[in-house]
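Have the structure open as you read.

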Amino acid sequence: MKINVQNSISASFTTDLSKEKIILETKNVDLCYVPQVRTLTNVSIQIPEKKVTAFIGPSGCGKSTLLRCFNRMNDLIPGISIKGLITIDGIDIYSPETKLEELRKKVGMVFQKSNPFPMGIWENVAFGPKVNGIREKAELDEMVESALIQADLWKEVKDRLNNSALDLSGGQQQRLCIARALANKPEIILMDEPASALDPISTNKIEETIDELRENYTIIIVTHNMQQAARVSDYTAFMMIGEMIEFNATSKLFTNPEKKLTEDYITGRFG
Amino acid sequence: MNKIITFWKKGDSYILLTAGGLLFSLAMVIFMISIILIKGFGSFYVSDVAEIKMKDNTIYLAEILEKEEVVLQSESGKSYKQEQTNIKIANRDIFDQDFKWINSQEISKIEYPQNVTVFERWEYGNLIAYVRNLNYNGKVYLTSDKDFWDTFSRAFEKSEENKSEKENLEEELNDVLSPVSEIQREIALMEINFSWKTKEIEKLKQEEGTLQAEINFQIEQLNKKIEQKVIENSEIYAIVQSGDGTEITLELEKVYRFCRPNDMNFIAKSGLYLTKIWEYLVEDPRESNTEGGVFPAIFGTVMMVILMSIAVVPFGVLAALYLNEYAKQGFVTRLIRLAIANLAGVPSIVYGIFGLGFFIYFLGGTIDQLLFSSKLPEPTFGTGGILWASLTLALLTLPVVVVATEEGILAVPKANKDGALALGATKWQMIRKIVLPNAMPGILTGVILAISRGAGEVAPLMITGVVKLAPTLPFDTSFPFLHLDRKFMHLGFHIYDVGFQSPNVEASLPMVYTTALLLIFIVITLNLSAIFLRNYLRKKFKTSAF
Ligand SMILES: Nc1ncnc2c1ncn2[C@@H]1O[C@H](COP(=O)(O)OP(=O)(O)O)[C@@H](O)[C@H]1O
Ligand SMILES: [Mg+2]
């Protein structure tokens, strides 16, 4: 099936965010990994605070790329160029005044494939606070415990905090990565398909964890699983070939999409 | 015929061929190791001494070594075979050489008399002889006397005691004299450099005079004591008789150790064997390295390897880190990598020459001018020494460390590096906490390769600081303990020196094998410890199985 993206995109969508406080905003973001080849085109979106926002769309459409703009993980890629404006709490995160390390402390990230460091569980969770300058053992202990509790892992590991993190199961490792991000006390947590490599039970557990975190954190989650987006998110953004097609409250987007492309995608006609 | 073709076609032949290749390589290695093992350990063996009577009535007292068939030509031009026996007759100072080939057919009788004594001497190698009598305490003891050998041992101990006392006294004398020689040196320097300061010179000369007067008495006393010890020791001697009947007066002071191998049982021999191995490991060499121990060479080898590792690892690791983590990848980094890989193939003597030119003449010379100008023209760092030798070898092994470290760094999962950065770590924090620990096995592989290469190198050392006999170790109890400017001994060079440069090559051959064995052993030990460390770290940092 052939889709004419250009046509559908020219018409813009409407999003009702009147009840929300906006924490993160992008304006006309263009991104090229390779000169002249746009991976993101004119992306403008507003992310509400203390809500779960899901990015969905066919694979390769640029969801991860957009997500990685928010904590500037793309900066490292040689030859990349990013245009447009991205602000968090009204401050341009790409301005020279923004300190990269502070931004990343504020915007935590959980990767698609769990990546615990080859050290003990405690060391893993304490990594962030330590690199951010906290030295005192008691304070670190407290932060580690609180992060592990929030990530629903404390009960399982509290007796073996010094054991290698690599001995945990896949689902536990991913929750450890969540705890590791939480230990930094971030405002925003970016999750890039955090459950895509996990079995259904572990996936369920992660979703429960996200549900518990929504009160205190702004969560942006990339997923290719539409049921998951529908289950966990308050808002959903649908992307295609580097463009933001539609962004709306999850209930609205899944029941009554504005765009034909969105409807085609969520009803499984392509993707 | 068909069968042969299918045999080749099936490829079975290649199994045989490759297996043969492996077998051949293994056989060569095992052959080499076993020769070195047998010969190396054999050199400490305490063999019996035979009294060999020839048909023409000459008598040899000697250790029988090996037999060999040789083809000779008679006067009429006919060639014939003859079996010859190699014997160690020792007594180098009488017979000019330690070894002799004799015609086996000419031997009429071989006996192993109980009372033959082998003396290991401080000089001139072994002496094999019958002891006739002993002069000690002004008395003459005969071998037939009761407890003769106990008396002999006591006399030997007494002479050793006298000798060490004499050495202590000489040292004391040196200490007493040193302030005077210090002033004399100062005067000489003044006279050369500041000859116009006559007043100062005069003052120094006066000082010298008073000092001299003060210590005169002390010196006299010490000299008297030393004289006495010398006289005492000259009166402790044995009359011994070599195989050919020559009588020799042997001052016991000249003896390092004696034994009567024919009178020793297996346990006594084993004991002596172990003692000799121990001495070999912990003592200084004697007789231009052909006898005694190799401790300074072991010490020098190990210390040089350690210094080399200390120098090469930080530089190699930093270079590899920069190349992989900071430098923009492209043509230049590719070029640098190529250059590093090729540097590993440069012959070691080239590094030696560079070390001589750059480290010794340029760096050392500059250091001397800036810090040790008072000692010039005598060089301090401007001549070969353990520091320069280690740095030269560090340079030589730098490529392997860089390459191995790079491999280690590349093996660190990108997911972990990104994870650390995403937590707000700076690049350097990420490198220190994630990259370095995970790359440690690779770094250690580099160290292992560097040690393997560095410990066995001799050529570059010969022009950067190795000597055949170093009077002092590069590390000792005198301030500042670590003497990086000192020359040092090295097992590899020791092998070359003893085996090919010594005046008595045949006598020192066993020592060559033993030293080769020791060198192999040390390199293997250093390597194994690095390998164990690496395996331990590998286990610790094994990457996620998930
Ligand atoms: N580091 C990179 N360099 C060049 N192209 C990249 C890089 N990362 C992703 N891309 C390309 O950008 C596009 C979007 O990728 P991505 O954001 O990972 O998609 P998604 O997460 O939606 O599946 C893809 O076509 C991908 O090939
Ligand atoms: Mg993705």
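## Where the chains meet

Chain B puts 21 residues into the contact, and chain A puts in 29 residues. Keep in mind that this is a predicted model. Together the two chains bury about 2100 Å², and carbon and sulfur atoms account for 64% of that area.

What about charge pairing and polar contacts? Between chain B and chain A there are 0 salt bridges, but 4 residue pairs are in polar contact, with both partners at pLDDT 80 or more. On chain B, the elements that give two or more residues to the side touching chain A are α11 (414-422) and α12 (427-456). Of these, α11(B) brings the largest share, 7 residues. Sorted by class, chain B's side of the contact with chain A holds 9 nonpolar, 8 polar and 4 charged residues.

## Chain A on its own

Chain A is built with 11 helices and 10 strands.

## Salt bridges

How many salt bridges turn up over all chains? The count comes to 29. Side chains of opposite charge can pair when their charged atoms come close. One example to look up is A:Lys51 with A:Glu20, where the closest N and O atoms are 3.5 Å apart. This pair ties together distant parts of the chain, 31 residues apart. A:Lys51 sits in the loop between β2 (37-48) and β3 (52-56) of chain A, while A:Glu20 is in the loop between α1 (5-10) and β1 (22-34) of chain A.

## Chain B on its own

Chain B has 15 helices and 13 strands. Is chain B compact or spread out? Its radius of gyration is 32 Å, well over the 24 Å that the globule rule gives for 546 residues, so chain B is more spread out than a compact globule. Along its principal axes, the C-alpha trace of chain B spans about 105 × 95 × 50 Å.

The chain is divided into three pieces: domain 1 (2-42), domain 2 (50-117) and domain 3 (295-541).

## Domain 1 against domain 3

Now for a pair of domains within chain B. The C-alpha centres of domain 1 and domain 3 of chain B lie 35 Å apart. The two domains do touch: 6 residues of domain 1 of chain B are in contact with 6 residues of domain 3 of chain B. Between them, these domains of chain B bury about 550 Å², with 84% of it on carbon and sulfur atoms.

Which residues of domain 1 supply 72% of the area it buries against domain 3 of chain B? They are B:Ile36, B:Lys39 and B:Gly40, which give more than any other three residues. As for specific links, domain 1 and domain 3 of chain B share 0 salt bridges and 1 residue pair in polar contact, both at pLDDT 80 or more. The side of domain 1 of chain B that touches domain 3 is made up of 4 nonpolar, 1 polar and 1 charged residues.

Methods
Residues numbered from 1 in each chain as written. Chains lettered and ligands numbered in written order. Predicted model: local features only at pLDDT ≥ 70, side-chain atom pairs only at ≥ 80, totals over all residues. Heavy atoms only, no water. Domains from an automatic or database assignment. Contact = heavy atoms within 4.5 Å. Buried area = accessible area lost by both parts, 1.4 Å probe. Salt bridge = Lys/Arg side-chain N within 4 Å of Asp/Glu carboxyl O. Polar contact = N/O pair within 3.5 Å; in protein donor to acceptor, adjacent residues only side chain to side chain. Nonpolar A, V, L, I, M, F, W, Y, C, P; charged D, E, K, R; others polar. Helix = DSSP H or I, 4+ residues; strand = E, 2+ residues; numbered from the N terminus. Rg over C-alpha atoms; globule rule 2.2 N^0.38 Å.
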